[in-house]
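Please read the following briefing alongside the sequence and the three-dimensional model. It takes up local backbone geometry, a sheet and its helices, salt bridges and confidence in turn.

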Amino acid sequence: MNPKLPYILLTGAAVIIFILSCMLLSRGRQSPSCDSRPHIVEKMGSTSQSLIFADLTPEEMVQVVRYLQGHLGVQLVDASLAKPSESCIASVDVQIPPKAEVLRFLDEGGARPAREALAVLYFGNQLDPNVTEYVVGPLPTPTYHRDVTVQKYGGKVPYHRRPMLGSEYEQLEVFLKTMAFAAAPTFLKEVFEYDGTNVAFQTTAPHGFHSGDRKSWFIVFQNVSGFFVHPVGLEVLVDHSSLDISQWVVSRVFYNGQYYRDMAQLESAYVQGRIRVEKVRKVPQDGEFSSMKPRAPPAALFPLQYEPQGPRYSVRNNHVLFQAWSFAFGMSGSRGLRLFDIRHKGERVAYEISVQEALSVYGSNCPGGMSTRYMDGSFGIGRYTSPLVRGVDCPYSATYLDVHYLAHSQLPRVSKNALCIFEQNLGSPLRRHYSNLQSLYYGGLVNSALVVRSIATVGNYDYVWDFIFYQSGAIEGKVQATGYPSSSFLHGDGLRYGNRVWEHTLGMIRTHSVNYKVDLDVGGVKNSLVAHDMAFEMTRAPWSMEQQIERPRLTKKVLDTEDQAAFRLQSKMPRYIYFAANSKNKWGHQRGYRIQITSFAGDHVPEASSMEKAISWARYQLAVTRRKEKEPTSTSIYNQNDPWTPTVAFADFINNETITNEDLVAWITTGFLHIPHSEDIPNTVTVGNSVGFLLRPYNYYDLDPSIYSHDGVFFTSEQDFTSCEINPVACLPKTASCLPNFPPFTYDGF
């Protein structure tokens, strides 16, 4: 062997190692990690001011509970264990100060309003059981409380109107399994193979037909994944109006199209062979057809979004800053996501934009389905805000925030990563033009917007709530519906009320209506409502008088009163309707913000219905009223359980008051009709189930404010459009070649 060979091999190996090292180092230099720091410098003053709208901290919630336990002179049990005959703290939320006080603080350097909480208490162990609301303050160390129930509602809230606690649901399930079902052991065993664990219940609401009723239908399903589409044909009506649980009784039973007095009568009829039994095939625990488990293996990864130079927005406490936008955000336990002090280019355009209510009205030939009118605010849209999954519910690199709440328990609870904020490239131009006439050029702007999102899972439905901020000065409120469709057992003329989606499953027809509060302050607090539209007019061509031309012209009208500004759901509404300021733009037009609604709503419940007034906000696609502190919300959490004597009736807000040059609020209703179909199995997709509204500048600016965006692209035929100085998109191979800083995947939802 050549004695030099080992040295040659060693030298060659060293050269190869050196080359590979250089390649790796070079690759490292070419693809560094992306910057993850926000490139926003925020003034501390604005952050501090936004805390006036901030949700309660867990520590503040604890202090409120301790104060109430020690200062009311009443024994308060933990709501998670409370019986109807006991007293407890049902919920604690922040009490937003009156608008006038807030504006004095924000705009005039006035005193900071006291920070307070609103506590809802159930007094079940009194001679006159009732629901009482207390304002408790100042936080973080409370020293006072005041009863605001009469001030808000004109009297005490009757106890039967109280939203059901989780403990009451648990007590009802125990009653059904140990008392009600004990009367029909043979039927349950032979028909459902009942073993005490293999059924699930879904309750309906409202609970009866008259004020004071508390009678709930419980629909029985197989207890499997996605149980909402596995009805077995049995439904049980329980009268739980008594505060003494031992006095609860079964009032009626329904099975496969027939009604029975109680479970004992059903058992007797079954044993005697007088029942037509429809045995439902038992499905595995994963739900089989209702399983969300993918039916295909993973393949190529879906597209991802990242921020090559770090986030272009900042989130500090409850304050968000994005380009020309700033706002404060919060989460109401009952109503959900809400925004305050929304400003564009430093000027307030809205004081409050908030979700108010989500209503669903069902149809079926089964008792549970046909009597269901869910008002989700009573259950808690914010309380049921669910933890978000990175990369699916929101972009992987979004900012995720926890939501804290105190409801149905005396201890604060947290929903981890339940709110996300992210900038999203929508994949289309916000505006563009390609010119090949006269001058040759291209000009465009990528449509990149900021999204604030939460997703509430209220029973079977998942609502994706978005507020979106565009560079053009527009704001969008949007809700997308997904989750499982509620179902009935298919029998008789069931197909009059929906589509068959599985062997024994009827996808029930239902309407969805969502109400928003939009308190616009356009160029100041005082605004008027103006409608613009079009009409065709006939004229003779001035240059050829024998010829006729049909030309559209602009129509204008100031809507002076609340009655004129209340547009019924299916009525024709002016296509341009806007809040007008007392100031004008450069071109002499009143500065305004236009309201544009996207809705596919079904018909509203007939007004002759005994419960319609409780949901009378849904009569209107848009209603504009004078803003009043005594009319903070369009509905009440107490309307669900007593819609026949509603605690808040929105229709009463509209009383023909003048709305010219006043502080105004727009109440927007949007929605869709859902007729479930086979593609709603395993569950409903968001595509086509998205509705909402836009708030758009209308002569508010002298020109489109997005022209000042740093994201604009413009080049002519005479320029070098491959130059980074001319065209920033040409720089992407350099500026966007970094490796995203994706954090490890975690999930705290279980």
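**Briefing on the predicted model**

N661 is placed in the loop between β31 and β32, where helices (H or I, at least four residues) and strands (E, at least two) are DSSP runs numbered from the N terminus. N661 has a positive phi of about 55 degrees although it is not a glycine, and at 35% relative accessibility it counts as partly exposed; buried means under 20% relative accessible area, exposed over 50%, and partly exposed in between, with a 1.4 Å probe and protein chains only. This is a predicted model, in which local features need pLDDT of at least 70 and side-chain atom pairs count only at pLDDT 80 or more, while totals for chains, interfaces and linings use all residues. Residues are numbered from 1 along each chain as its sequence is written, and side-chain values use heavy atoms, with hydrogens and water left out.

**Confidence**

- The mean pLDDT of the chain is 94, and 95% of its residues reach 70 or more, pLDDT being the predictor's confidence in each residue, from 0 to 100.
- Over residues 22-28 the pLDDT is below 50, and beyond near neighbours in sequence this stretch has zero contacts in the model; contact means heavy atoms within 4.5 Å.
- Where pLDDT is low, the predicted coordinates should not be read in detail.

**Other backbone features**

- N699, in the loop between β33 (690-698) and β34 (712-716), also has a positive phi, near 60 degrees, in a residue other than glycine, and N699 counts as partly exposed at 27% relative accessibility.
- The peptide bond from L139 to P140 is cis, with omega near 15 degrees, and P140 is found in the loop between β3 (130-137) and β4 (144-147).
- A cis peptide bond also joins A205 and P206, with omega about 0 degrees, and P206 is placed in the loop between β6 and β7 (215-222).
- As background to these entries, most residues other than glycine have a negative phi, and most peptide bonds are trans.

- Five strands form an open sheet in the order β6-β7-β8-β9-β10, with antiparallel pairing; two strands pair if DSSP finds at least two bridges between them.
- The edge strands, each pairing on one side only, are β6 (199-203) and β10 (258-260), and the twist averages 25 degrees from one strand to the next.
- Strand β9 (residues 249-255) pairs with β10 in the antiparallel sense over three bridges, and the bridge partner of V253 in β10 is Y260.
- Helix α7 (residues 185-192) lies across β8 (231-239) and β9, running at about 155 degrees to β8; axes are lines fitted to C-alpha atoms, for helices over the stretch in contact, and angles run from 0 to 180 degrees between N-to-C directions.
- Helix α8 (residues 263-271) lies across β8, β9 and β10, and runs at about 40 degrees to β9.
- The buried residues of α7 are F187, L188, V191 and F192; because they cover an arc of only 95 degrees around the axis, they lie on the same side of α7, the arc being that of the directions from the helix axis to the C-beta atoms.
- These buried residues of α7 pack against β8, β9 and α8, and just after α7, E193 takes a positive phi of about 50 degrees.

**Salt bridges**

- The structure holds 39 salt bridges, each being a side-chain nitrogen of Lys or Arg within 4 Å of a carboxyl oxygen of Asp or Glu.
- The side chains of R591 and E347 meet in a salt bridge at 3.1 Å, N to O; R591 lies in strand β30 (residues 590-598) and E347 in strand β15 (residues 347-362), so the pair ties together parts that are 244 residues apart in sequence.
- Within that pair, R591 counts as buried at 12% relative accessibility, whereas E347 counts as partly exposed at 29%.
- R626 and E657 also meet through their side chains in a salt bridge (3.8 Å, N to O); R626 lies in strand β31 (residues 620-626) and E657 in the loop between β31 and β32 (662-674), so this pair ties together parts that are 31 residues apart in sequence.
- Salt bridges that share partners join K99, D519, D521, R627, E629 and D663 into one network.
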